[in-house]
Amino acid sequence: MTPAEMAALHAACFVTPRPWSEAEIAGLLDGPGCFAVAGPGGFAMGRAIAGEAELLTIAVDPACRRTGLGRRLLDAFEAAARKRGADTAFLEVSAANAAARALYVAGGYAETGRRKGYYRAPDGSRIDALVMSRKFSPPELP
């Protein structure tokens, strides 16, 4: 998936936080440790540095929601992060995004912090960001 395609999908998925532009996505992907995983209908972007991974964003086409795609993208992000040496992952999510929070909790993430009023909604109201993290299980030995 190209940065242009990713930006178009991101725009279809997000209002708060605001969607990312093609230039922002391309710039992130050019940064150290950044990577993307994608499939038909969605993508996830992350960064893995010094044993930690951050899920930067995950976007699922509204027409593909409730099909398990979000979980598959989260799993692919985690697999890519582990290949890059991460043993812990973290993310931030809008407190108002119940579907994403449910996905992350089902994936083993727990709230570890809160950024009060971090996001600004289109109506000007402020929404907290939840910081969530999880440790990856050690790889199984042969």
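Reader: What joins strand 5 to strand 6, and how do the two run?

Author: In this predicted model, seven bridges join strand 5 (residues 110-120) to strand 6 (residues 126-135), and the two run antiparallel. Strands count as paired when DSSP finds at least two bridges between them, so with seven bridges strand 5 and strand 6 are a pair. You can look at G113, which stands opposite V131 in strand 6.

Reader: What do strand 5 and strand 6 form, and how many residues lie between them?

Author: They form a hairpin, with five residues between the strands. In the turn, G124 has a positive phi of about 95°.

Reader: What makes strand 5 an edge strand?

Author: The open sheet has six strands in the order 1-2-3-4-6-5, with mixed pairing. Strand 5 pairs on one side only, as does the other edge strand, strand 1 (34-39). From one strand to the next, the twist averages 25°.

Reader: Which residues meet where helix 3 packs on helix 4?

Author: G70, R71 and L74 in helix 3 meet L103, Y104 and A106 in helix 4. These contact residues divide into four nonpolar, one polar and one charged.

How values were computed:
Residues numbered from 1 in each chain as written. Predicted model: local features only at pLDDT ≥ 70, side-chain atom pairs only at ≥ 80, totals over all residues. Heavy atoms only, no water. Contact = heavy atoms within 4.5 Å. Helix = DSSP H or I, 4+ residues; strand = E, 2+ residues; numbered from the N terminus. Nonpolar A, V, L, I, M, F, W, Y, C, P; charged D, E, K, R; others polar. Axes fitted to C-alpha atoms, helices over the stretch in contact; angles between N-to-C directions.
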